[in-house]
Amino acid sequence: MIRTILHVDMDAFYAAVEQRDHPEYQGKPVVVGSDPKQGKGRGIVATCSYEARKFGVHSAQPISQAWKLCPHGIYVKPDMQKYARVSGHVMRILAEFTDLLEQVSIDEAFLDVTGSRRLFGTGVEIARKIKNRIHQNLNLTASVGVAQNKFIAKMASDLKKPDGLVVVEAGREKEFLEPLAIGRLWGVGQKTEAYLKSLGLVRIGQLADLPPGNSVSRMGRVGEHLLQLARGIDDRPVLPEEGFKSIGHEITFEQDTTDRELLERTLLELTERVAQRLRKNKACARTIAIKFREADFSTSSRRTTMDRPADTVEMIYPEAVKLMKSLLRKDVPVRLIGVHTGNLEMEDGDKQMSLYDRMPRNDRKLAAAMDAIVQRFGGNAITRAALVPSKKPSQNR
Ligand SMILES: [Mg+2]
């Protein structure tokens, strides 16, 4: 069955909320971010209004540069609590149309409405209803992409901002992508973009048409993934947070942090707890995911599938660190970090032997010993040397 996926993305979210709440800001360049301090400020732009974009201001730009480009702009400090409240309202509207709702950041979500079509109409009709509802209830605009997979829906929502609605019919994905610049491909960072351009690849269509055995596919798994996307192929499901059967832990830091050591130590602590819970539930995980929320509430996650199902820190932590490194952005403070495991294999009578076999022996013994101590004396009784915290993060759950 052909899926119908929507990607809903609020337009210039923080700035739009500020313009809505301050009519005197309307039609003016509004820059939400840190204090520009007359051009001497050191933070970055979180979001800016479309009027500010005309001057070359954009999100993630140093605020000092924004000031240079647009000194007469209205500079506003972010009010994250307010944006979180509005975001909650947006997500509740979206949830009325499907249970398969995956929030990707404070102002962005995927919806799988395949099963909702009978009730609410075609994908386009649902998209229109959502846009109207957001406009009527919140006096804000959203752009929506409608397609048969997440990747195309995401590309589509971005194409006609603000207040856009772009539909890509099933079967026309390749045609839709073909003229777009390679840098727009989801997941292509600056480094990869530079590499692809050095191969003479400028448009997504050129990447899609590479013959088998090309240099991009030789990049390994990442390359293969990019080639698939360039051809419009993406079968990743829309994953609602509760629907994903997983064992995980998350922590919100008392203060947003860029401290690498604190992050790694916290990650180890989280992994330790997750591994203990896996063992307690007699489960092994094949998939591990790291979740990151940055200071501006944008959330990203990355997952990997392990060769062998795992339930010890020794097996999970090295993968977790790799994933964390791929998500960390230099000098961008982290607000929340989480470790999740999925694709669980439950241990049953028949499988016990093979489960034992999957573990390197010493790991298994150490883990069993630690479990015994934890069971007797509680979770804080035993801890690896590197787990001893110096700055204590607050715990989410
Ligand atoms: Mg947005």
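Colleague: Where does Ala60 lie in this model?

Modeller: In this predicted model, Ala60 lies in the loop that runs between helix 2 (50-53) and helix 3 (63-69).

Colleague: Why is Ala60 called partly exposed?

Modeller: The relative accessible area of Ala60 is 48%. Buried requires under 20% and exposed over 50%, with partly exposed in between, so Ala60 is partly exposed.

Colleague: Which phi does Gln38 have, and where does Gln38 lie?

Modeller: Gln38, likewise not a glycine, has a positive phi of about 55°. Gln38 is found in the loop between strand 2 (30-33) and strand 3 (45-48).

Colleague: Why does Gln38 count as exposed?

Modeller: Its relative accessibility is 63%, and the cut-off for exposed is over 50%; Gln38 therefore counts as exposed.

Colleague: What makes helix 7 (residues 150-159) largely enclosed by the rest of the structure?

Modeller: Seven of the 10 residues of helix 7 are buried, so this helix is largely enclosed. The buried residues are Lys150, Phe151, Ile152, Ala153, Met155, Ala156 and Ser157.

Colleague: How do you know that Asn149 caps the N-terminal end of helix 7?

Modeller: A side-chain oxygen of Asn149 lies 3.2 Å from the backbone nitrogen of Phe151.

Colleague: Which peptide bond is cis, and where is its proline found?

Modeller: The bond from Lys161 to Pro162 is cis, with omega near -10°. Pro162 is in the loop between helix 7 and strand 8 (165-167). Most peptide bonds are trans.

Colleague: How is the packing of helix 4 (residues 80-95) and helix 6 (residues 123-138) described?

Modeller: The two helices pack at an angle of about 140°, and their axes are 10 Å apart. Helix 4 passes helix 6 in a right-handed crossing. Helix 4 contributes Val86, His89, Val90, Ile93 and Leu94 to the contact, while helix 6 contributes Ile130, Arg133, Ile134, Asn137 and Leu138.

Colleague: How many residues of each class does this contact have?

Modeller: The contact has seven nonpolar residues, two polar and one charged. Arg133 belongs to the contact and, because Arg counts as charged, falls in the charged class.

Note on methods. Residues are numbered from 1 along each chain as its sequence is written. This is a predicted model: local features need pLDDT of at least 70, side-chain atom pairs count only at pLDDT 80 or more; totals for chains, interfaces and linings use all residues. Side-chain values use heavy atoms; hydrogens and water are left out. Axes are lines fitted to C-alpha atoms, for helices over the stretch in contact, and angles run from 0 to 180 degrees between N-to-C directions. Helices (H or I, at least four residues) and strands (E, at least two) are DSSP runs, numbered from the N terminus. A crossing is left-handed if the near helix is turned anticlockwise from the far one by less than a right angle, and right-handed if clockwise. Contact means heavy atoms within 4.5 Å. Buried means under 20% relative accessible area, exposed over 50%, partly exposed in between (1.4 Å probe, protein chains only). A polar contact is a pair of N or O atoms within 3.5 Å; within protein, one must be able to donate a hydrogen and the other to accept it, and residues adjacent in sequence count only if both atoms are side-chain atoms.
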